[in-house]
Amino acid sequence: MALKNNLKKYILVFVNSEECDLAKNFGFNKAKHINIGLDVPNNLIKSKVDPYKLIFSGNFNYPPNKQAATELINFFTKHNDKNYSLTFIGFNANLLKNFIPNNSNIDLLDNVPSVIQELNRLRGIYISLISFGSGSKNKIMQALVTGCYVIASKESLDNSLNIYKDRIFEINIHDKNWTKVLSNHLKKIIKNQSAISISTNQ
């Protein structure tokens, strides 16, 4: 109790609005929510999204990121559609080598100078199967500002991303049918991009 009372003297800062609200409910009235700033590329690509490019970023030495990556690799290899590619971007991406089958269309971009520049170059579908970790919100925001669609677990999202809700598809990774839901989301995005292409060419 003494520790809690001492903590109330300080300003607690959260990057997740829901966690900030929870802290206030427990009496930490000085808790504040701030959005993490982004270094948005000056040369944002205006072309449409490539729905066959799947992407995930993070530090892959961090267990939740590594677990999410291996789940995505398993989904990708079982999906077995040669039209798709899968790219992992970020620190220690090479740690995923041992989880990748031979001759698979999976790229590892390890320790790149700028993750957001790579997202801007690839401009595909960002998939986050994170089950824990508040840092995923900022990574998803990076993907969204570069124009990517996002398919993400509830744990990867919060209300600060709602301004992009038309490009976000939520998935419940605790549901036994989550892979089917993920496949359906991919089909919806492909259909949407096809409609945009037809509309543009008319």
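How many aromatic pairs does a search of the whole structure find? The search finds 6. Rings of Phe, Tyr and Trp (its six-membered ring) pair if their centres lie within 6.5 Å; planes under 30 degrees apart count as stacked, over 60 as edge-to-face and the rest as tilted. The model is predicted: local features need pLDDT of at least 70, side-chain atom pairs count only at pLDDT 80 or more, and totals for chains, interfaces and linings use all residues. Residues are numbered from 1 along each chain as its sequence is written, and side-chain values use heavy atoms, without hydrogens or water.

One of the aromatic pairs joins F60 and F88. The geometry is edge-to-face, with 5.7 Å centre to centre and 85° between the planes. This pair links distant parts of the chain, 28 residues apart: F60 sits in the loop between β3 (53-57) and α3, and F88 in strand β4 (residues 85-90). F60 is buried at a relative accessible area of 0%, and F88 is buried at 0% relative accessibility. Buried means under 20% relative accessible area, exposed over 50%, and partly exposed in between (1.4 Å probe, protein chains only). Y149 and F169 form a tilted pair, with ring centres 6.3 Å apart and planes at 40°. Y149 belongs to strand β7 and F169 to strand β8, 20 residues apart. Both Y149 and F169 are buried. F56, F60, F88 and Y126 make up one aromatic cluster.

The chain contains 6 helices and 8 strands. Helices (H or I, at least four residues) and strands (E, at least two) are DSSP runs, numbered from the N terminus. The order of elements from the N terminus is α-β-α-β-β-α-β-β-α-β-α-β-β-α. An open sheet of 6 strands has the order β5-β4-β3-β6-β7-β8, with parallel pairing. Two strands pair if DSSP finds at least two bridges between them. β5 (106-110) and β8 stand at the edges with a single partner strand each, so one side of each lacks a neighbour in the sheet. Neighbouring strands are turned by 20° against each other on average, direction ignored. β3 and β4 pair in the parallel sense over 5 bridges. S57 has I89 in β4 as its bridge partner.

Helix α3 packs on the sheet and touches β3, β4, β5 and β6. Its direction makes about 170° with that of β4. Axes are lines fitted to C-alpha atoms, for helices over the stretch in contact, and angles run from 0 to 180 degrees between N-to-C directions. Helix α5 lies across β3, β6, β7 and β8, at about 170° to β6. In α5 (residues 136-145), 9 of the 10 residues are buried. Their cover includes α4 (115-122), β6 (125-128), β7 (149-153) and β8 (168-171). Just after α5, G147 takes a positive phi of about 100°.

Of the 202 residues of the chain, 43% count as buried. The largest nonpolar core has 50 residues, of which F56, F88, I127 and I151 touch the most other members. Helix α3 (residues 63-79) gives the most to this core, with 6 residues. A nonpolar core is a set of buried Ala, Val, Leu, Ile, Met, Phe, Trp, Tyr and Cys residues joined through side-chain atoms within 4.5 Å. Not counting residues up to four places away in sequence, I127 touches L54, I55, F56, L72, I151, L182 and L186. Contact means heavy atoms within 4.5 Å.
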